[in-house]
Structures are given as C-alpha cells and as structure tokens.
Amino acid sequence: MSISDPIADALTKIRNAYRAGHKQVQINHCGIVESIMRILASENYINNFDLVDRDPERNIFRKKINVNLRYTYEGKPTVRGLERVSKPGRRVYVKAANMPSIFNNTGNAIISTSQGVMTDRDARRQNIGGEFICKVW
C-alpha cells in the first residue's frame with residue numbers, strides 16, 4: 001500500500017492512540033518521521049521510540065517505529081493537540097523573522113530547515129526558516 005503523506009499518517013496514528021488510551025503505537029518508518037519522533041521525545045511529549053527493522057519471518061515487511069506514549073500521573077495525555085500544517089497540496093514556509101509561536105511558546109512548531117528538522121525555538125536561535133511541518137501542544 002502506498003502512502004501519499006507519511007507525516008500526516010504518523011501524526012494521525014499518534015493522535016488516535018492517545019484518544020484510545022493506548023500505551024504504544026506502531027507507525028511506518030520514514031526519515032522525516034523519525035526526526036519528528038526524535039523531537040517529540042526530546043521535548044517530553046512521548047517517552048521514547050524504537051526502530052523495528054524488516055523481518056519477513058515475523059511478517060514485518062516494512063521498517064516500523066514503535067512509539068511509547070507518555071501520560072501524566074492523572075492519566076491524561078501529555079499531547080493535547082497535534083496538527084499538520086504544511087501538506088502535499090499546500091506547502092507552508094516561514095522565515096526566521098516570522099517564526100510562529102504555539103500557545104505563547106508552551107507548544108512547539110516543528111520546522112524542516114536546511115540544517116535538519118528542529119523546533120521553532122532552535123530555528124529562531126539559528127536564524128533560519130523552512131517548511132512549517134506541524135505544531136504540537
């Protein structure tokens with residue numbers, strides 16, 4: 001099966017897993033999705049993630065990412081919102097001077113720059129712009 005937007009697919013799987021109360025979710029591997037998971041783990045939105053290689057003997061025909069979701073002590077998800085901004089049909093680019101702040105800097109905008117995928121704070125600090133991939137709060 002061909003996926004036209006692996007980023008939106010990964011974000012939707014994570015959003016649905018949080019709504020269903022799952023402890024972990026398995027998403028398809030892609031380089032940019034792995035970078036986004038690395039940012040979510042470093043910003044404490046998820047606990048951690050593991051890469052699962054192909055293994056036809058165990059019916060794993062694609063590389064996967066196992067994401068361990070994070071909840072508060074009260075059992076509420078740490079991710080309150082996860083929204084894709086730039087889509088394949090409409091790309092959204094931002095300059096360093098016009099970098100968005102999500103919920104008064106309590107959330108994160110994930111930006112794909114020439115220096116790699118990073119948060120809005122890092123992009124502002126390095127004074128570079130890029131594609132506004134998604135926002136997390």
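The following questions and answers examine a predicted model.

Me: On what basis are the residues and the side-chain values reported?
Reply: Residues are numbered from 1 along each chain as its sequence is written, and side-chain values use heavy atoms, with hydrogens and water left out. The model is predicted, with local features needing pLDDT of at least 70 and side-chain atom pairs counting only at pLDDT 80 or more, whereas totals for chains, interfaces and linings use all residues.

Me: How far apart are the end C-alpha atoms of helix H2?
Reply: Helices (H or I, at least four residues) and strands (E, at least two) are DSSP runs numbered from the N terminus, and H2 covers residues 31-42. The expected span of a helix is 1.5 Å times one less than its number of residues. For the 12 residues of H2 this should give 16 Å, and the model agrees, with the end C-alpha atoms separated by 17 Å.

Me: Which residues of H2 are buried?
Reply: A residue is buried under 20% relative accessible area, exposed over 50% and partly exposed in between (1.4 Å probe, protein chains only). By that criterion, the buried residues of H2 are Val 33, Glu 34, Ile 36, Met 37, Ile 39 and Leu 40.

Me: How many disulfides does the count come to?
Reply: A disulfide is a pair of cysteine sulfur atoms within 2.5 Å. Cys 30 is in no disulfide, the nearest cysteine sulfur being that of Cys 134, 13 Å away. Cys 134 is likewise in no disulfide. The count comes to 0 disulfides.

Me: Is Cys 134 buried or exposed?
Reply: Cys 30 has a relative accessible area of 23% and is therefore partly exposed. Cys 134 has a relative accessible area of 0%, so Cys 134 is buried.

Me: Which residue forms a salt bridge with Arg 84?
Reply: A salt bridge is a side-chain nitrogen of Lys or Arg within 4 Å of a carboxyl oxygen of Asp or Glu, and the count comes to 7 salt bridges. In the one formed by Arg 84, the closest N and O atoms are 3.1 Å apart. Arg 84 lies in strand E4 (residues 82-84) and its partner in the segment before helix H1 (6-20), so the pair ties together parts that are 79 residues apart in sequence. Both residues are buried, and the partner is Asp 5.

Me: What separates Asp 9 and Lys 13 in helix H1?
Reply: The side chains of Asp 9 and Lys 13 meet in a salt bridge, at 4.0 Å from N to O. Asp 9 is partly exposed at 24% relative accessible area, and Lys 13 is partly exposed at 28%. Being 4 residues apart in H1, Asp 9 and Lys 13 are separated by about one helical turn.

Me: Where does Arg 91, the partner of Glu 131, lie?
Reply: The side chains of Glu 131 and Arg 91 meet in a salt bridge of 3.0 Å, N to O. Glu 131 is in strand E8 (residues 130-136), 40 residues from Arg 91. Glu 131 counts as buried at 15% relative accessibility, while Arg 91 counts as partly exposed at 43%. Arg 91 lies in the loop between E4 and strand E5 (93-94).

Me: Why is the pair of Tyr 18 and Tyr 71 described by its particular geometry label?
Reply: Rings of Phe, Tyr and Trp (its six-membered ring) pair if their centres lie within 6.5 Å; planes under 30 degrees apart count as stacked, over 60 as edge-to-face and the rest as tilted. The search of the whole structure finds 2 aromatic pairs. The ring centres of Tyr 18 and Tyr 71 are 5.5 Å apart and the planes lie at 70°, so the pair is edge-to-face.

Me: What is the angle between the planes of Phe 103 and Trp 137?
Reply: Phe 103 is in the loop between E5 and strand E6 (108-113), and Trp 137 is in the segment after E8, 34 residues apart. Their centres are separated by 5.2 Å in a tilted pair, with the planes at 50°.

Me: Which residue of E8 is the bridge partner of Ile 110?
Reply: Two strands pair if DSSP finds at least two bridges between them. E6 and E8 run antiparallel and are joined by 5 bridges. In E8, 6 of the 7 residues are buried, so this strand is largely enclosed by the rest of the structure. The partner of Ile 110 is Cys 134.
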